[in-house]
Amino acid sequence: FAVKILSDAEATCKEVENVILDTANILEAGDLFVFYIASHGGRKVDEDKANENWCLYDGIIWDEDIVWLFSKFKPGVRILVITDQCHSGGIFKGNTREIFKQTTRSTLTRQPPPTWNARAAIESKDFPMLIHFAACQEKQTSQEGLGGGIWTQTLINVLVEADEKIRHTNCPYSYRNWFDDAKKSTMQQCKQQQEPLLVESASVTDDFRNKSALT
């Protein structure tokens, strides 16, 4: 992988936006993009309707706009999004524009059109193949451990353990395997108070889903 890291004052809304859109212009069908974010996550509820967001250094990006950013990748591009944030399970649920109008807009340089519908986009086969590893359900918080988020630490630990187990068997350790093992361990550590969530766009294929993770 070519790695780009944004931390602290570098992790602005504009820079995150630029990284996603610039990468979308480069990758072709079959390529793999991994986006990992560890930050605060917010949630706003209006009349029992909720929107979630990423809290960055200088502002927020709402879920509707996050879906729009990732929609700019070409069909067939494979994307893994890992979020270690409170309320992260709601990021890719796909709100409608009617719901989104009730919230504060994101601080993006480029905005989706007024007719943008995130739910329709995620359910379209033309959307890039996106798998989301969320740290928790949309109504939950993401807990911290010694040295960082429990979800992040657990994902790393189970992947290292799996590598040792499968190295000599040549058996693929799929995204589903990775997520399920990490979810089980996370829930044990958090005493069932944090339940990770896996979300897929409708375009995800079995070939991507069952492929060895990060290959």
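## Exercises: spaces and cores

The count comes to 1 cavity of 30 Å³ or more. A cavity here is a set of points on a 1 Å grid over the protein atoms alone, where a 1.4 Å probe fits but cannot get out. The model is predicted: local features need pLDDT of at least 70, side-chain atom pairs count only at pLDDT 80 or more, and totals for chains, interfaces and linings use all residues. Residues are numbered from 1 along each chain as its sequence is written, and side-chain values use heavy atoms, with hydrogens and water left out.

**Exercise 1.** State the volume of the largest cavity and find its lining.

Step 1. The volume is about 30 Å³, meaning the space filled by probe spheres set on the points, which are joined across faces, edges and corners.

Step 2. Lining residues have an atom within 4 Å of a point. Here they are Phe-92, Ile-122, Phe-127, Leu-130, Val-199, Glu-200 and Ser-201.

**Exercise 2.** Describe the largest nonpolar core and trace the contacts of Phe-73.

Step 1. A nonpolar core is a set of buried Ala, Val, Leu, Ile, Met, Phe, Trp, Tyr and Cys residues joined through side-chain atoms within 4.5 Å. The largest has 31 residues; Ile-20, Phe-35, Trp-54, Phe-70, Phe-73, Ile-79 and Phe-92 have the most contacts inside it.

Step 2. Elements giving two or more residues to this core are helix H1 (13-26), strand E1 (32-38), helix H2 (63-70), strand E5 (78-84) and helix H4 (118-122).

Step 3. Not counting residues up to four places away in sequence, Phe-73 touches Ile-20, Thr-23, Ala-24, Leu-27, Phe-33, Ile-79 and Pro-128.

**Exercise 3.** Explain why H2 is largely enclosed by the rest of the structure.

Step 1. Check the residues. Asp-63, Glu-64, Asp-65, Ile-66, Val-67, Trp-68, Leu-69 and Phe-70 are buried.

Step 2. Conclude. 8 of the 8 residues of H2 are buried, so the helix is largely enclosed.

Technical notes. Buried means under 20% relative accessible area, exposed over 50%, partly exposed in between (1.4 Å probe, protein chains only). Helices (H or I, at least four residues) and strands (E, at least two) are DSSP runs, numbered from the N terminus. Contact means heavy atoms within 4.5 Å. On a 1 Å grid over the protein atoms alone, a cavity is a set of points where a 1.4 Å probe fits but cannot get out, and a pocket is an open set with protein on both sides within 12 Å along at least five of seven lines; lining residues have an atom within 4 Å of a point.
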